[in-house]
Amino acid sequence: GQIPEQWDIVREKRYIKLQSCDWTVLPDVPMAPSVLTEWETYRQALRDVTDQSDPFNIVWPTPPA
């Protein structure tokens with residue numbers, strides 16, 4: 001059905017979004033602890049998108065500015 005396929009699309013989008021901010025978790029990136037926490041929170045929110053009930057209406061978290 002459409003639902004499992006849509007979850008695959010959601011997971012693929014999430015993977016791309018996570019990949020685009022992988023640099024934030026590298027040990028040699030100079031970043032204030034508060035900013036690092038914002039990125040960690042954002043990345044966790046990305047991982048949690050699959051907890052949402054409707055894969056056709058995902059509320060994506062906003063990355064730190």
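This is a predicted model: local features need pLDDT of at least 70, side-chain atom pairs count only at pLDDT 80 or more; totals for chains, interfaces and linings use all residues.
## Helix α1

Helix α1 is made up of 19 residues, and the distance from its first C-alpha to its last is 27 Å, close to the 27 Å expected at 1.5 Å a residue. Its buried residues are Q6, W7, V10, R14 and L18. Viewed down the axis of α1, these buried residues fall within an arc of 115 degrees, so they line one face of the helix. On the other side of α1, the residues Q2, E5 and S20 are exposed.

## Helix α2

Within α2, the buried residues are W39, Y42, R43 and L46. Around the axis they cover an arc of only 95 degrees, which puts them on the same side of α2. The cover over these buried residues of α2 includes α1, residues 2-20.

## Aromatic pairs

Which residues make up the aromatic cluster? W23, W39 and Y42 form one such cluster, and the count of aromatic pairs comes to two. In one of these pairs, W23 and W39 are arranged edge-to-face, with 5.6 Å from centre to centre and 65 degrees between the planes. Because W23 lies in the loop between α1 and α2 whereas W39 belongs to helix α2, this pair ties together parts that are 16 residues apart in sequence.

The two tryptophans can also be described by their accessibility. W23, at 40% relative accessibility, counts as partly exposed, while W39, at 12% relative accessibility, counts as buried. The rings of W39 and Y42 have centres 5.7 Å apart and planes at 80 degrees, so this pair is edge-to-face. Both W39 and Y42 lie in helix α2, where they are three residues apart, about one turn of the helix, and both W39 and Y42 are buried.

## A charge over a ring

A further side-chain arrangement involves K17 and W60, in which the charged end of K17 sits over the ring of W60 at 5.1 Å from the centre of that ring.

Note on methods: Residues are numbered from 1 along each chain as its sequence is written. Side-chain values use heavy atoms; hydrogens and water are left out. Buried means under 20% relative accessible area, exposed over 50%, partly exposed in between (1.4 Å probe, protein chains only). Helices (H or I, at least four residues) and strands (E, at least two) are DSSP runs, numbered from the N terminus. The arc is that of the directions from the helix axis to the C-beta atoms. Contact means heavy atoms within 4.5 Å. The expected span of a helix is 1.5 Å times one less than its number of residues. Rings of Phe, Tyr and Trp (its six-membered ring) pair if their centres lie within 6.5 Å; planes under 30 degrees apart count as stacked, over 60 as edge-to-face and the rest as tilted. A charge sits over a ring if NZ of Lys or CZ of Arg is within 6 Å of the ring centre and within 35 degrees of the ring normal.
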